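Reader: I have a structure to look at and have not seen it before. Could you walk me through it?

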Amino acid sequence: MKRYNITVNGTVYDVAVEEADNDAVSAAPAPAAAPKAAAKPAASKSSAAAGSVKITAPMPGTIVDVKAKVGDPVKNGTVIAVLEAMKMENDVVADRDGTIASINVNKGDSVSTGSVIATLN
């Protein structure tokens, strides 16, 4: 029996695989064991101090710059981060006035649609 760690969508599973003997193949499939989650992936930074308003990525891409930092006051339309998607740079902006409670991405991070970029209070 061999053991492997397999990561699916950021969740690590500990999997045991048993080699089948060609002479002992049975007609009934073996029962599948429920996946056992291993160590959790690292939490986003400042997740404990998250604000009530989430600023999310409008499309998948790569963060090429983070313009704001925790504690910065922002107005509606203030650029918080720059997201590169399809070779174009897109500003991710605050949709209301507030104060940055957390920045959940770093320069170079890949994000998907709806990923939380920052939170506001």
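Author: A definition to start with: two strands count as paired if DSSP finds at least two bridges between them. Also keep in mind that this is a predicted model.

Reader: Fine. How many bridges pair strand 5 and strand 7, and in what sense?

Author: Strand 5 pairs with strand 7 (residues 79-85) over four bridges, in the antiparallel sense.

Reader: Which residues stand opposite each other there? Start with Val-66.

Author: Val-66 has Ala-81 of strand 7 opposite it. For Asp-65, the bridge partner in strand 7 is Val-82.

Reader: What about strand 5 and strand 10, how many bridges join them?

Author: Two bridges join strand 5 (residues 61-66) to strand 10 (residues 110-111), and the two run antiparallel. In that pairing, Gly-61 stands opposite Val-111 of strand 10.

Reader: So what is the order of strands in that open sheet?

Author: The order is 8-7-5-10, an open sheet of four strands with antiparallel pairing. Its edge strands are strand 8 (88-93) and strand 10, each of which pairs on one side only.

Reader: And the side chains, where do they point in a regular strand?

Author: In a regular strand they alternate between the two faces of the sheet.

Reader: Change of topic. How many salt bridges are there?

Author: The count comes to four. One of them is between the side chains of Arg-3 and Asp-14, at 2.3 Å from N to O. That pair links distant parts of the chain, with Arg-3 in strand 1 (residues 2-8) and Asp-14 in strand 2 (residues 11-17), eleven residues apart.

Reader: Is Arg-3 buried or exposed?

Author: Arg-3 counts as exposed because its relative accessibility is 54%, and the cut-off for exposed is over 50%. Asp-14 has a relative accessible area of 22%, so Asp-14 is partly exposed.

Reader: Which residue does Asp-65 meet in a salt bridge?

Author: Asp-65 meets Lys-67, side chain to side chain, at 3.2 Å from N to O. Asp-65 is partly exposed, at 27% relative accessibility.

Reader: And what does Arg-96 form a salt bridge with?

Author: With Asp-95; the closest N and O atoms are 3.5 Å apart. Arg-96 is partly exposed at a relative accessible area of 43%, and Asp-95 is partly exposed at 42%.

Reader: Now the inside. Which residues of the largest nonpolar core touch the most other members?

Author: Those are Ile-80, Ile-100, Val-111, Ile-117 and Leu-120, out of 18 residues in that core. The elements that give two or more residues to this core are strand 4 (53-56), strand 7, strand 9 (98-103) and strand 11 (116-120).

Reader: What is Ile-117 in contact with, leaving aside its neighbours within four places in sequence?

Author: Among the residues in contact with Ile-117 on that basis are Ile-55, Ile-63, Ala-81, Val-92, Ile-103 and Val-111. The list also includes Thr-56 and Asn-104.

Reader: Where is Thr-119, and is Thr-119 buried or exposed?

Author: Thr-119 is in strand 11. Thr-119 counts as buried because its relative accessible area is 2%, and buried means under 20%.

Reader: Which side chain does Thr-119 join in a polar contact?

Author: The side chain of Ser-102, at 2.6 Å. Leaving aside neighbours within four places in sequence, the contacts of Thr-119 include Ser-102, Ile-100, Val-53 and Lys-54.

Definitions and conventions:
Residues are numbered from 1 along each chain as its sequence is written. This is a predicted model: local features need pLDDT of at least 70, side-chain atom pairs count only at pLDDT 80 or more; totals for chains, interfaces and linings use all residues. Side-chain values use heavy atoms; hydrogens and water are left out. Buried means under 20% relative accessible area, exposed over 50%, partly exposed in between (1.4 Å probe, protein chains only). A nonpolar core is a set of buried Ala, Val, Leu, Ile, Met, Phe, Trp, Tyr and Cys residues joined through side-chain atoms within 4.5 Å. Contact means heavy atoms within 4.5 Å. A polar contact is a pair of N or O atoms within 3.5 Å; within protein, one must be able to donate a hydrogen and the other to accept it, and residues adjacent in sequence count only if both atoms are side-chain atoms.
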